[in-house]
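Below is a short briefing on a single protein chain, intended to be read with the sequence and the three-dimensional view side by side.

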Amino acid sequence: MVESQQFDLNDYYSALSSFDKAVCEACAVSNFTADLVVANYIGHSSHVFTRLCVHSEALISSLPKSRWAKRDYESWDFSVIAAHVRAVMEGYLLFGYLAETPKSEDEWYVKLNIMHLNDCTRRIRLHANIKNSVDEQQFRLQQDELKQRLKVNGYFDSLSAQLKKNLLKGRALMIPTREELLSQLGENVGDFNAFYDAVSNYTHILPMSYYRMDSNGRGTGAYNHSDLSYIIVSLNKCTNWLV
């Protein structure tokens, strides 16, 4: 487990410094590449990169002893950064997926419209929940149009019947599964998924985030070894993903 590793404040300062450098370099790259004329797939991946920078800035601004923010108190609770850590993990995968040079225009067209369909499906659910039938119907029409675009695409037609069925439901953001994408990116699937699950438990108020609250400060915001360990491991991982 993460908390069983022997970390101290020197490890924290080292991890914070490395992440600080990575965030600065990422933001510099983002600013330098703004408004360049590039291929569509690069343009779309740059939007994801911008979101990676935004979440990284929010993450480092939330950390104790960070030069990115001035405050009168420090919170060492891992939950303070968990949502941003998970966002970096998701952004890393999506960026790697979109930035890959497509084998054909048809493949890129399918990638793009799968994203559009996923977004459209989410908007339908949103407007259905708030009883906005006018906007809901407009997005349902768009949903039908996106499905038709995919059905007449040669690359989409070459996919397996089960995969096509799943993609047309609009729930998937990407064509490959997370496990398939992780393998393509050279990541350890088990380690990545385990850490993602751990982070998710602290993003939400789930039992894992409060069952072990203790008088030693864990889960309260006070300085403690368990939260310190999770923060250090997260910073080291996020530094690698951002780089």
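The model is a predicted one, and the residue numbers count from 1 along the chain.

**Helices H2 and H3**

- Helix H2, which spans residues 40–61, and helix H3, which spans residues 79–99, have axes that come within 9 Å and cross at roughly 165°.
- Because an angle over 145 degrees counts as roughly antiparallel, H2 is described as roughly antiparallel to H3, and the crossing of H2 with H3 is left-handed.
- On the H2 side the contact is made by Tyr41, Ile42, His44, Ser45, Val48, Phe49, Leu52, His55, Ser56, Ala58 and Leu59, while H3 contributes Ile81, His84, Val85, Ala87, Val88, Gly91, Tyr92, Leu94, Phe95, Leu98 and Ala99.
- Sorted by class, this contact of H2 with H3 holds 16 nonpolar and six polar residues, with no charged residues.

**Helices H4 and H5**

- Helix H4 (residues 105–129) packs with helix H5 (residues 133–151) at an angle of about 160°, and their axes are 9 Å apart.
- That angle makes H4 roughly antiparallel to H5, and the two helices cross in a left-handed sense.
- The residues of H4 that meet H5 include Tyr109, Val110, Asn113, Ile114, His116 and Leu117, and among those that H5 brings to the contact are Asp135, Glu136, Phe139, Arg140 and Gln142.
- By class, the contact of H4 with H5 has 10 nonpolar, six polar and six charged residues.
- One of the H5 residues that meet H4 is Gln143, which is buried at a relative accessible area of 10%.

- Asn118 is found in helix H4 and counts as buried, at 4% relative accessibility.
- When residues up to four places away in sequence are not counted, Asn118 touches Gly170, Arg171, Ala172 and Leu173.
- Ser209 lies in helix H10, which covers residues 207–210, and its relative accessible area of 16% places Ser209 in the buried class, since that class takes in values under 20%.
- With neighbours within four places in sequence left aside, the contacts of Ser209 are Asn201, Tyr202 and His204.
- Ser209 and Cys53 are 156 residues apart along the chain, and their C-alpha atoms are separated by 26 Å.

Note on methods
This is a predicted model: local features need pLDDT of at least 70, side-chain atom pairs count only at pLDDT 80 or more; totals for chains, interfaces and linings use all residues. Side-chain values use heavy atoms; hydrogens and water are left out. Axes are lines fitted to C-alpha atoms, for helices over the stretch in contact, and angles run from 0 to 180 degrees between N-to-C directions. Helices (H or I, at least four residues) and strands (E, at least two) are DSSP runs, numbered from the N terminus. Angles under 35 degrees count as roughly parallel, over 145 as roughly antiparallel, 65 to 115 as roughly perpendicular and the rest as oblique. A crossing is left-handed if the near helix is turned anticlockwise from the far one by less than a right angle, and right-handed if clockwise. Contact means heavy atoms within 4.5 Å. Ala, Val, Leu, Ile, Met, Phe, Trp, Tyr, Cys and Pro count as nonpolar, Asp, Glu, Lys and Arg as charged, and the others, Gly among them, as polar. Buried means under 20% relative accessible area, exposed over 50%, partly exposed in between (1.4 Å probe, protein chains only).
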